Amino acid sequence: GESGLEMAKAFQPEIVLCDIRLPDMTGLEVAHALRAIPETKDALIAQHTALGERDLRTFEREADTSVNVFLSKPLTPEKLDEILTQFNVLRRSRPF
């Protein structure tokens with residue numbers, strides 16, 4: 001969480017893929033912090049989890065609007081492409 005936030009400040013990502021459960025903070029805490037950083041306030045924030053679909057839907061209903069999309073693991077390349085298309089995010093040639 002904290003180290004990811006520091007990297008985000010330096011890297012200024014357009015897309016952030018974050019687990020919901022982290023050792024030092026929750027994914028929602030990370031999302032709130034990213035929204036407060038000028039360089040990442042408009043980033044697409046996707047969070048993923050090993051929760052089943054039913055549990056994930058419950059979590060989504062309880063979450064706020066800091067997160068754009070919640071995903072169940074495993075995240076496949078096809079699912080990632082679908083999300084990028086849905087949110088109209090173009091792939092860039094910069095390294096990840």
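The protein has an accessible surface of about 6,300 Å², and 55% of that belongs to carbon and sulfur atoms. Accessible areas here come from the Shrake-Rupley method with a 1.4 Å probe, and for residues only the protein chains shown count as cover. Keep in mind that this is a predicted model, where local features need pLDDT of at least 70 and side-chain atom pairs count only at pLDDT 80 or more, while totals for chains, interfaces and linings use all residues. Residues are numbered from 1 along each chain as its sequence is written, and side-chain values use heavy atoms, with hydrogens and water left out.

Now for the layout. You'll find four helices and three strands, arranged along the sequence as α-β-α-β-α-β-α. Helices (H or I, at least four residues) and strands (E, at least two) are DSSP runs, numbered from the N terminus. Of the 96 residues, 35% count as buried, where buried means under 20% relative accessible area, exposed over 50% and partly exposed in between (1.4 Å probe, protein chains only).

H48 sits in strand 2 (residues 44-49), and H48 counts as buried because its relative accessibility is 17%. Setting aside neighbours within four places in sequence, H48 is in contact (heavy atoms within 4.5 Å) with L17, C18, D19, I20, L71 and K73.

S66, on the other hand, is found in the loop between helix 3 (53-62) and strand 3 (69-72). With a relative accessible area of 10%, S66 is buried too. Not counting residues up to four places away in sequence, S66 touches A31, H32, R35 and I45. The side chains of S66 and H32 are also joined by a polar contact of 3.4 Å. A polar contact is a pair of N or O atoms within 3.5 Å; within protein, one must be able to donate a hydrogen and the other to accept it, and residues adjacent in sequence count only if both atoms are side-chain atoms.
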